Amino acid sequence: MMRMINFLLIALMLIGAGIVYDLKFEAEKATAKVARINRKIDTERDAIATLKAEWSLLNQPKRLQELTERHHAYLELDPLAPTQIGSIDDIPFKPAVPADGAPRPAGAPGTTTAAAAASPASPASPALAPRPSSKGSVKLAQPERATDHAVTIGKFLDRLPSSGRAGGPTTTGSIPKASSSGPMMLMPLPPSTRPATPRSSEQMKVIR
Amino acid sequence: MSEPSSPLAPESAERVEAAAATPTEAAVDHEAQESASTRHMKASRKRIVLAGLGFAVIYAAVAMRLVSLGGASDEHSEALASGRTQVSTARPDILDRNGEVLATDIKSSSLYAEPRRILDVEEAIDALGSVIPEMRADEAIRKKLSSKAGFVWLRRELTVEQKRKIFRLGLPGIGFMEENRRIYPGGALAGHVIGTVDVDNRGILGMERAIDRDMGLDALHAAGFAGEREMKPKRLSLDIRVQHVVRDEMVEAVQKFHAIAGVGIVLDARTMEVLAMVSLPDFDPNDRNEAFKKDHINRATLGVYEMGSVFKTFNSAFTLDSGKVTLNDVYDTTPLVFGSQRINDFHSKGRALTVPEIFLYSSNNGSARMALKAGSEAQRAFFERVAFHRRLETELPDLGLPLFPKRLSDVSTATMSFGHGLSVTPMHTAVAGAAVVNGGLFLDPTFYPRTRAEAEAEAKRVLKPETSDKMRYLFRLNATPGTGGSGSKADVPGYRVGGKTGTAEKIENGRYSANKRFNSFLSAFPMDDPKYVVLTVLDDPKAESGGDGPATAGLNAGATAGAIIRRIAPLLGVMPKYDLPKGTVASN
């Protein structure tokens, strides 16, 4: 009898030890995972900060102004004149259209080139009248000058006076590279590399 | 009884035998036996003590080694700590009022080595050279790695790719440290407002310094904390778009008129928030060495100048406010003479002028007579209410102290009426101008966002609302084309601009020089309910063509203010209005 109890207790102890060991192992794995995720979060956060800085570099009013001036022939963007601003009250009532009048070309401005240009749709803002789109797309494909002056953060940093950056490889493109190499997944992946969601939905069907 | 095996056994056997012998013999024998046994005992005890001592020595040695190991400084962590103190700390981002980034930290990794832990220098250099080729040939790096130093920087600011590759090499004694690097995406856009930081990312100028002061970052940094804290971004009252427009136009004006310097300020007239502040020549805060060049001082808040005729704004305001002068009064404009000093008019009309005419034609003598009529006391009281006698109380660290005459006299009252004899910063002028047109409420300017309610709670009344109404009328009249007002060049149809020119003569070799000017234009728009105040200042502008033509403020500072307003009014949501009947807007 006593022996039976002893064996039972020994078995219980062994099982307990096994469970504790397993728990400890799991906990270690979880800790490692937390650390890994935290590191990833830090990387992402730094990447976000860098991208934000890059965005504000690219979005500087000065740069935008230079771009609009350089591509003025195509964009024809000019400073807003006070006469181009009006309130809804400034727009005269639509004149009565005869019942058999030709249907107005409806649709997005720009798609209907001649009609939009000819129609008195926007008397309040003649300068804002939609521009023919055909002219644009041709010119956009061949800009007058190459837009190779995009100030990326890398180039920007390279220009800065700094202590330990004598020459050497530029930091240009470091961000996209980082995004393709593992931890950074800031942009949606192309379908081929996307984690297999379709399969999991199939599995769902099977389970049902 | 079993045979005893211990070395003591024969002794005890003898003792038993001795006990069996005769008592005397036994006693003698016993004594001998006794002495022999104690001798043996002593010997064995010695041996035990010796063994004990041996162990004690061994244990003491172990303990001492433990203590020495425990107390020994850890070279590795010491080296790291010395490196970490060199790393720049984190700072809060600085945003404009719309959340656009003005200054931010980006992380960069720097490569360091602990030469004492490097096993094979040649191998390490070879491996590093496979990632950064020029490191292979670099003698300085070889020297650093062969040294006995605890910590050396190999390369600051690695690219992400380089870091990854070097990390994969798994070299002992080579590591990375994350650093913060402050960048200002706008470059010179708002250098004087934002300021800059030193190598350790501590604010040394402008708002960067103010932030350190407000947040107590200095103390935190000294305590070694500031590194890891998440910090909330600081939002400024600046508007990046307005700032850009002001800078763009001011740079153009300074070039066009060959001016030495220029200042442009845009204020919210109600809350006194600074929407834009430009002082040219300016600097790019990314290059901190440039910030402290003498030429790059902040002329908008630190430099004090005799502002000239724009002060007729304040003169008209306080004289009208005193009630002793009304808009319909007429004043003689013949030269006033104080002893040897004589006041001249630039544009003398040769007749007595009404108060609006004095304002329009910028008559010095008329203004002086108005000021004398209202009295020196009233003038001084008003100037003190609008802070012309003290530094402005605002966040920016570099604030100039106005040169304000200590004593009251008729001469100083007369000259101060047209802006000579006292020097204030352009910011003083802009803020006082805002108080004149906003209904008479004065408030120190701020570089942080402030709501109207907050502003109203803090503001002090310096003028009666009716006076402010009259001043708006004068401002608008002066900038309306066709009235002969000096500010007509600044008018932008639709935006109801009003303003006052100032063409001060600069003092050269102790005398006022007729061809060195300090031009300014204080304007506000829309005049029916002024929301924004624009001040443009050009130091020593020449005529546009480069010839000897006129270089009065209306032609340069005024025109620049007009160009600025034309561009910022739509950004700030000011609706153009015309006195023409409705509907004509559309057909324009």
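**Exercise 1. Overview of chain B**

Task: State what share of chain B is buried, and describe its make-up.

Solution: 
- Step 1. Buried residues account for 53% of the 588 residues in chain B. The model is predicted.
- Step 2. Chain B holds 20 helices and 16 strands.
- Step 3. Take the contacts in chain B with a separation of 6 or more. Of these, 72% come from residues 24 or more positions apart.
- Step 4. Chain B has an accessible surface of about 26900 Å². Carbon and sulfur atoms own 55% of that surface.

**Exercise 2. Helix α10 of chain B**

Task: Find how far α10 of chain B reaches, which of its residues are buried, and what covers them.

Solution: 
- Step 1. Helix α10(B) spans residues 240-256, which is 17 residues. From first C-alpha to last it reaches 24 Å, close to the 24 Å expected at 1.5 Å a residue.
- Step 2. List the buried positions. They are B:Ile240, B:Val242, B:Gln243, B:His244, B:Val245, B:Val246, B:Arg247, B:Glu249, B:Met250, B:Ala253 and B:Val254.
- Step 3. Look for the cover. From chain B it includes β2 (101-113), β6 (261-268), β7 (274-280), β16 (532-539) and α19 (554-571). From chain A it includes α2 (61-70).
- Step 4. Turn to α2(A). Its buried residues are A:Pro61, A:Arg63, A:Gln65 and A:Leu67. Their cover includes α1 (2-58) of chain A, plus α10 and α19 of chain B.
- Step 5. Check the end of the helix. Just after α10(B), B:His258 has a positive phi of about 50 degrees.

**Exercise 3. Strand β16 of chain B**

Task: Work out which residues of β16(B) point each way, and which strands are joined to β16(B).

Solution: 
- Step 1. In a regular strand, side chains alternate between the two faces of the sheet.
- Step 2. B:Tyr532, B:Val534, B:Thr536 and B:Leu538 point one way. B:Val533, B:Leu535, B:Val537 and B:Asp539 point the other way.
- Step 3. Eight of the eight residues in β16(B) are buried.
- Step 4. β6(B) is antiparallel to β16(B), with eight bridges joining them. B:Ala261 stands opposite B:Asp539.
- Step 5. β15(B), residues 511-525, is also antiparallel to β16(B), again with eight bridges. Here B:Phe521 stands opposite B:Thr536.
- Step 6. β15(B) and β16(B) form a hairpin, with six residues between them.

**Exercise 4. A nonpolar surface patch**

Task: Name the residues of the nonpolar patch, and decide whether B:Phe55 is buried or exposed.

Solution: 
- Step 1. B:Phe55, B:Ile58, B:Tyr59, B:Val62 and B:Leu66 make a nonpolar surface patch of about 570 Å².
- Step 2. B:Phe55 sits in helix α2 of chain B, residues 23-71.
- Step 3. B:Phe55 has a relative accessible area of 52%. The cut-off for exposed is over 50%. B:Phe55 is therefore exposed.

**Exercise 5. Two positions, two classes**

Solution: 
- Step 1. B:Gly203 lies in the loop between α7 (191-194) and α8 of chain B.
- Step 2. B:Gly203 and B:Arg91 are 112 residues apart in sequence, yet their C-alpha atoms are 9.0 Å apart.
- Step 3. B:Asp214 is in helix α8, residues 206-215.
- Step 4. B:Asp214 and B:Glu395 are 181 residues apart in sequence and 9.0 Å apart, C-alpha to C-alpha.

How values were computed. Residues are numbered from 1 along each chain as its sequence is written. Chains are lettered from A and ligands numbered from 1 in the order in which they are written. This is a predicted model: local features need pLDDT of at least 70, side-chain atom pairs count only at pLDDT 80 or more; totals for chains, interfaces and linings use all residues. Side-chain values use heavy atoms; hydrogens and water are left out. Helices (H or I, at least four residues) and strands (E, at least two) are DSSP runs, numbered from the N terminus. The expected span of a helix is 1.5 Å times one less than its number of residues. Buried means under 20% relative accessible area, exposed over 50%, partly exposed in between (1.4 Å probe, protein chains only). Contact means heavy atoms within 4.5 Å. Patches are made of residues with over 30% relative accessible area and no salt bridge: like charges are joined within 9 Å, nonpolar side chains (Val, Leu, Ile, Met, Phe, Trp, Tyr) within 5 Å. Accessible areas come from the Shrake-Rupley method with a 1.4 Å probe; for residues, only the protein chains shown count as cover. A salt bridge is a side-chain nitrogen of Lys or Arg within 4 Å of a carboxyl oxygen of Asp or Glu. Two strands pair if DSSP finds at least two bridges between them.
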